[in-house]
Amino acid sequence: MKAILIFSLAAMLGVAQAKPFTPPALEGFNLHDEREADGDDDGKNETTIRQYLNANGDSLVSFTSKGLVWAWSLDTRDSDVGPKNYVIRDSDCDGTFDEVYGLDDEFHVPDCVKQ
């Protein structure tokens, strides 16, 4: 019981100390492609996906629904130099990107955008 309590307390402290993730800067990137997509598998294209590329071939992608950018992804050609590849997501539509995923991880439109 004591070990479970300590683990639970440590988990709560980790969540409380979580830092928001900063959206990537678009400087040096140009809009390459824009399309509508189904971000929650309901058969409706509710998400605008914009892909931006820079001269190195790095890719930034924004995910927008109902006028709110709820996720960004960064895919660099050389992940050993510069920022790591990632997806960040605003889970509750408060303007803070509070979740991070790998590029191969599954993520969806947050519930707050669906309502």
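**The aromatic rings and their surroundings**

W70 is buried, and F107 is buried as well; buried denotes under 20% relative accessible area, exposed over 50%, and partly exposed what lies in between, with a 1.4 Å probe and protein chains only. The model is predicted, so local features need pLDDT of at least 70 and side-chain atom pairs count only at pLDDT 80 or more, while totals for chains, interfaces and linings use all residues. Residues are numbered from 1 along each chain as its sequence is written, and side-chain values use heavy atoms, with hydrogens and water left out.

The structure holds five aromatic pairs. Rings of Phe, Tyr and Trp (its six-membered ring) pair if their centres lie within 6.5 Å; planes under 30 degrees apart count as stacked, over 60 as edge-to-face and the rest as tilted. Strands (E, at least two residues) and helices (H or I, at least four) are DSSP runs numbered from the N terminus. Both Y52 and W72 are buried.

W70 and F107 form an edge-to-face pair, 6.2 Å centre to centre and 65° between the planes. Because W70 lies in strand β4 and F107 in the loop between β6 (99-101) and α2 (111-114), the pair ties together parts that are 37 residues apart in sequence. W70 and F107 also belong to one aromatic cluster with F63 and Y101.
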